[in-house]
Every structure is written in C-alpha cells, then in structure tokens.
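Open the model in your viewer and keep the selection tool at hand. Each stop says what to select and what is there.

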Amino acid sequence: MENNAILSALTARKSVRVFTGDPITADERGAILHAAFQAPTAGNQQLYTILDITDPALKATLADLCDHQPFIAKAPLVLVFLADCRRWLNAYHAAGIEDVRKPGAGDLMLAMADTCIAAQNAVVAAESMGIGSCYIGDVIENVEAMRDALHLPDFVVPACMLVFGRPTEQQQRRPKPARFAEAAVVCENTYRDRTPDELRADFTARAAANGQPDYDFDKAVTAFCNRKYASDFSQEMTRSAEIYWKEFE
Ligand SMILES: Cc1cc2nc3c(=O)[nH]c(=O)nc-3n(C[C@H](O)[C@H](O)[C@H](O)COP(=O)(O)O)c2cc1C
C-alpha cells in the first residue's frame, strides 16, 4: 500500500534510547496524552491512570528500579501507564452501591489491555511529531519499592512505562530490527505449534533480514534464553506480578 502516511510511520517506527537535549513542548505533551485518551477503551471506561513523571529524582529512582536503565532518567517525558481497576470501584462506592464485588483477574486483564492500547496510541502520536519513544517493561518489577515510590494503592498496577524524546542522529541511523515473517506468527483459525524445523527456519530468516547470514540458531537461542528468559530480572517480574495478582484473587 503506497503513499499511506500511517502505514509508513508504523513501519519506520523504532525504539529510541538516546535523546537530544531538546525538550518536549507543552503542546506536544498535550497531543501525546490526547492521542492516548482517544484509543479504544473497554466500555469507554479508560481503565488506566497515567503518571507524568516530572520529578528528576523520581525519574532516577525509576531508572534504577527498572533493571538499571540510566537512559530513562535522561528522557524529557516519562509516562507510567497504570492499569486502574480502582477509579470505577471508587465511583461505584461513591454512587452508594454497597455490595459491589472487588475487582477480579478478568478486570485486571481487561485493564491491562486497555492501558497498553492507550500507551501505543501515545507512541504513534509521538512518532508523527518526530518524537521517539521506548517502552520499559521492567516497570512491573520490584513491586514493593515501586508501590512505595509511586504511591500505588490496591487495584492499581503498572502496565508499562514509556520514555519519550527526540532521537539523536545515531538513533535515527540505527537500523530497525527485522520482524518474523507472517507465517511465523499468523495461524488460520486455530493455534498450531511451529515445528522445531519451522522455528529454526523462522529465526534464521529473521537473522538474515537483520544482516546475520552466519546465524547459529542453537547458540543464539541459548544465549537469548540465558540473557532474558532465565535472567534475574525476568524472574523478578514474575515474583512482582504474582504479588500484584494476589489482590485480584
Ligand atoms: C512490553 C515491552 C517492554 C519493553 N521493555 C524494554 C525495556 O525495558 N528496555 C528497553 O530498552 N526496551 C524495551 N522495549 C523495547 C523493545 O526492546 C523493542 O521494541 C524491540 O527490541 C523491537 O525494536 P523496535 O521497537 O526498535 O522495533 C520493550 C518493548 C515492549 C513492547
């Protein structure tokens, strides 16, 4: 599909982790937030609260709590997207409903989807203004310290964090990592496991598209597993998620 500005922007968009010193203007910030609010939202409930982190000390704390990623503290705009199952509960209470149930796992899963969809609208809006962004998934780690730092009450759970800023030239030049081919991620009608040979071919083709013709599947997948899936931070994510989750049981 040629000459489609939105499709081109979605294809070109890549994460930005080094920012120029340029600030994000109040108008730009407003447009990013407005776009988030315009995202589809279950029952038009907007099951999220967005924390605009303006305090440099708090940015530094978040950079530390989120697996020590210092670039977070250098971003001119830092937004934490909280899945919020509390606002409507409070509204039900305010409306005098006494026997309302507490939010359950389904409410949290719906709020998580709602929140991340709003976040992605913010990403696309920023991209349209030449502002780069990067998701920070580690915001779901360190539940105790995170709750303390952000004053999170019951039924309010971090879904994702986004940092925004103008990309440096080096970041603009950096190639975007290639994705898997369609066949690797789309099934017709029902789920089907990729066979070991198909997985090997999927990963090798993606590596070739990323300029790695000598890709060694066994070695690379083992290294990735050690670095990410089996890492301390990954296990910390699950520990924290289980604690957040318990509130909804
Ligand atoms: C849920 C989620 C969590 C992420 N967490 C981090 C993170 O903590 N640190 C980081 O540098 N990038 C993070 N990223 C960015 C991914 O690494 C990035 O999207 C991926 O490598 C693909 O690259 P691209 O966005 O440039 O196309 C995250 C992305 C998502 C969607």
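The tour starts at the ligand and then moves through the helices and loops.

This is a predicted model, where local features need pLDDT of at least 70, side-chain atom pairs count only at pLDDT 80 or more, and totals for chains, interfaces and linings use all residues. Residues are numbered from 1 along each chain as its sequence is written, and side-chain values use heavy atoms, with hydrogens and water left out.

**Stop 1: the ligand**

Select the ligand. It sits in the largest pocket. A pocket here is an open set of points on a 1 Å grid over the protein atoms alone, where a 1.4 Å probe fits, with protein on both sides within 12 Å along at least five of seven lines. To sit in one, a molecule needs more than half of its atoms within 2 Å of the grid points.

Now show the surrounding residues, meaning those with a heavy atom within 4 Å. There are 14 of them, and Ser15, Arg17, Gln69, Gly137 and Asp138 come nearest. Strand E3 (residues 132–136) gives the most to this shell, with three residues. Helices (H or I, at least four residues) and strands (E, at least two) are DSSP runs, numbered from the N terminus.

Pick out the N and O atoms next. A polar side-chain atom of arginine 17 lies 2.6 Å from a ligand oxygen. A backbone N or O atom of tyrosine 135 lies 3.3 Å from a ligand nitrogen. For glycine 137, a backbone N or O atom is 2.9 Å from a ligand nitrogen. Taken alone, the ligand exposes 620 Å², and the protein buries 64% of that. Such areas come from the Shrake-Rupley method with a 1.4 Å probe.

**Stop 2**

Select valine 143, in helix H7 (residues 143–150). Is valine 143 buried or exposed? It counts as buried because its relative accessibility is 1%. Buried means under 20% relative accessible area, exposed over 50%, and partly exposed in between (1.4 Å probe, protein chains only).

Show its contacts (heavy atoms within 4.5 Å). Leaving out residues up to four places away in sequence, valine 143 touches Glu236, Arg239, Ser240, Ile243 and Tyr244.

Step across to glutamate 236, in helix H12. Glutamate 236 is buried too, at 16%. Its side chain makes a polar contact with the side chain of arginine 239 (2.8 Å). Within protein, a polar contact is a pair of N or O atoms within 3.5 Å, one able to donate a hydrogen and the other to accept it; residues adjacent in sequence count only if both atoms are side-chain atoms.

**Stop 3: helix H3**

Select residues 56–65, helix H3. Its buried residues are Leu58, Lys59, Leu62, Ala63 and Leu65. They pack against helix H4 (71–74), strand E2 (77–84), H7 and strand E4 (156–165). At the N-terminal end, aspartate 55 is the cap: a side-chain oxygen lies 2.9 Å from the backbone nitrogen of alanine 57. After H3 comes aspartate 67, with a positive phi near 55°.

**Stop 4: two loop residues**

Most residues other than glycine have a negative phi. Select glutamine 46, in the loop between helix H2 (26–37) and strand E1 (48–52). Its phi is positive, about 50°. Glutamine 46 counts as partly exposed, at 26% relative accessibility.

Finish at asparagine 142, in the loop between E3 and H7. Asparagine 142 has a positive phi of about 50°. At 24% relative accessibility, asparagine 142 is partly exposed.

Methods
1 Å grid on protein atoms, 1.4 Å probe; cavity = no way out; pocket = protein on both sides within 12 Å on 5 of 7 lines; lining within 4 Å.
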